[in-house]
Amino acid sequence: MSSTLILKARICQKSLQPLIHQARPALFTLSKSLQLPPSARFLCTRNPNQTDRKTRGQTDRQPRIENNAIRQGKGRLWNDAVDGRGKSSTFRQKPSFPKSVFAAGTAKRTAEMLKRKASVVSEEEEEDEPEQRTARGEGRMQPPDRPLPAAEWKKLKESLGNPQRFDTQMMSALFHSEAALDIAKSLLTFVAMETGTLSYKLLLRYLTLCERGGHDTEVFDVYQIMRESFPALDTGACSLFIKSFSRTERWREAISILQEVKKVFSPSPRNYSEIISAAVQHGDVNTAWALYDELIEKGLSPHWDTWDVLFKAEQKSEEQEGEAVSQTEQQERLLGILLYMRNNQIYPPHSLTGSIKAWFESLPGQNWTGNWTSTLPKGVCRCCGSELESIQLTAEEYQQLRDRVMSDIIEGRDVFNKTTPERCWWEGVVTFGQSQELEQFKVFVKRKPAFDVVIDGLNVANVNKDRNKQSKTLLAVVSELERQGLTILVLGRKHMLRPSRSWDKHDMNLIQQKAHCFFTDNISEDDPFLLYATLHSGNHCRFVSRDLMRDHKACLPDGATRRLFFKWQRGHQLVVDGYIVAGRRVRFQSIPSYDTIIQNEGDSWHIPYDDTEDRSTYEVPQRWLCLTKKH
């Protein structure tokens, strides 16, 4: 960056003018011999708060609980049905295991299917898009294709109506068009000569352009200018400086920037990741692990590349061996990363899993072998034959989850705010409080036998798009489960009992004969009732619904409980597979018998990894890395 010439613009405009008019290349190149003058700080606007702040980017095997002697036969039949082993299984699960709403990519495939069905709407939107893109494009400044002298920049600015934010808008246009750096430098020279100052916003946009282009020397110049000219730097500037410094020999200065950042706000995982990578690259493994420990202590979740570089890290040279992390300690720390992923239900991408595989196989004298594989429906590794951990909760886990759900979801104020309202006469408005309806439901459940399955009636009735057959759809599901001799609870709304084209009176009478039923007021929320009845009935009880319960899971107080809820949900939620067709058996999506989580037992590790780019956060991978040690 021609920082010295730009900063001296106000002092020596006369001597600078010939250079500008001649547009000599020397104007746009950095003269390393020149030193920044003390006057630099007076040429920049002293208000970093004016800039748009960038937001920091960033998230036990146990048998099933035994039923009493009276229910054992029915329980075995139920378990066979869920596992797909029963000959007369009502679920009739398709052999294309696994097919589940929780399988990676399901959400994206479903969205694409719905988009295809709405092709008419999509075509109309596609027709409008080109016009919209053209309209948006017309308002963007068109940057020049070469460096301009001040006179030409002034002429260009005047042709656009002398906009107040010409400099920052043009710098943004240069960034988006990936223009040459010399053009941006000529813009800075023009602004410095015209206004005698360079604003924080303009320098920040120029910094962004330099960082993306890998012009680290220019970044160093901007850093010195901004540090001398402004009392503080914002999040965006600090992050850009950390990123640039970390990829150079001056990487340790990024640590100093990080320390200053911590005085004002919490650095992002990306900030830590870039310095950790630099430390490993330059052989300072101690610093890398110290920063990693700090990252974890702050409760931040590391980026994939942070873990990747640590698994690829090499020890220091023999001369520094005394200060380096020992091989044993290094192994313990890396295994600790795998346990962190397990405890936080994190699925590494294929690239990181490849680094983990290479690290295991490189351990001297341990004879680890890694293979890419999948699992059998019964939860057995296809590669080594090991049985994976059960999806079923232990008695302790189940009681812990039940207590938390009851207190944080069922008894929480949020639930009562969505149940029956009570009129407050002295205020003349409707307020919401703890309704009698939920209390009545609790009494109802306690008086009934433990249920085997709880059905979200309205949710299931809407599986088919034909609103005139809602009662028939619900009846088909109830009848399918009733054939197993299961104790069923159907949760519905009171309006379902009023005869209509959607809700046939005869169908509803049959449903009430085949199952216990509880119908809430029409404005009540079903999910808390569904969760209460299912969890109250015991660990054997399943529920039928397409609702993924994400809002309710978010109400739980900590990550460990939310992960426990998700594990329970995947092992207990039945989802109708496809549409329900009259005269055909109802199919349900498969419930896995094993948990999808990083697992270690003796001389084996099983790591589920994400091999797709379309996995939603509530979905689990289907591919595994099997690591075994040979003796």
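In what follows, contact means heavy atoms within 4.5 Å. Keep in mind that this is a predicted model.

**Stop one: the cores.** Select Leu310 and, skipping its neighbours within four places in sequence, bring up what it is in contact with: Ile276, Val280, Ala288, Trp289, Tyr292, Gln330, Leu334 and Ile337. Leu310 belongs to the largest nonpolar core, which has 85 residues. Leu310 is listed with Met171, Leu187, Met226, Phe241, Ile337 and Phe360 as having the most contacts inside that core. Now pick Phe451, Leu489, Tyr532 and Met549: they are among the 29 residues of another core, lying apart from the largest one.

**Stop two: α9 and α11.** Select residues 200-212 for α9 and 235-246 for α11; their axes come within 10 Å and cross at roughly 30 degrees. Angles under 35 degrees count as roughly parallel, so α9 is roughly parallel to α11. The crossing is left-handed. Which residues of α9 meet α11? Show Tyr200, Leu204, Leu207, Thr208 and Glu211, and across from them Gly236, Ala237, Leu240, Phe241, Lys243 and Ser244 in α11. This contact has six nonpolar, three polar and two charged residues.

**Stop three: α20 and α24.** Jump to residues 436-447 (α20) and 527-537 (α24), which pack at about 25 degrees with their axes 11 Å apart. These two helices are therefore roughly parallel as well, but here the crossing is right-handed. From α20, show Glu437, Leu438, Phe441, Lys442, Val445 and Lys446; from α24, Phe529, Tyr532, Ala533 and His536. Colour by class and you get six nonpolar, one polar and three charged residues.

Methods. Residues numbered from 1 in each chain as written. Predicted model: local features only at pLDDT ≥ 70, side-chain atom pairs only at ≥ 80, totals over all residues. Heavy atoms only, no water. Core = buried A, V, L, I, M, F, W, Y, C linked by side-chain atoms within 4.5 Å. Buried < 20%, exposed > 50% of the residue type's maximum accessible area, 1.4 Å probe, protein only. Axes fitted to C-alpha atoms, helices over the stretch in contact; angles between N-to-C directions. Helix = DSSP H or I, 4+ residues; strand = E, 2+ residues; numbered from the N terminus. Parallel < 35°, antiparallel > 145°, perpendicular 65-115°, else oblique. Left-handed = near helix turned anticlockwise from the far one by under 90°. Nonpolar A, V, L, I, M, F, W, Y, C, P; charged D, E, K, R; others polar.
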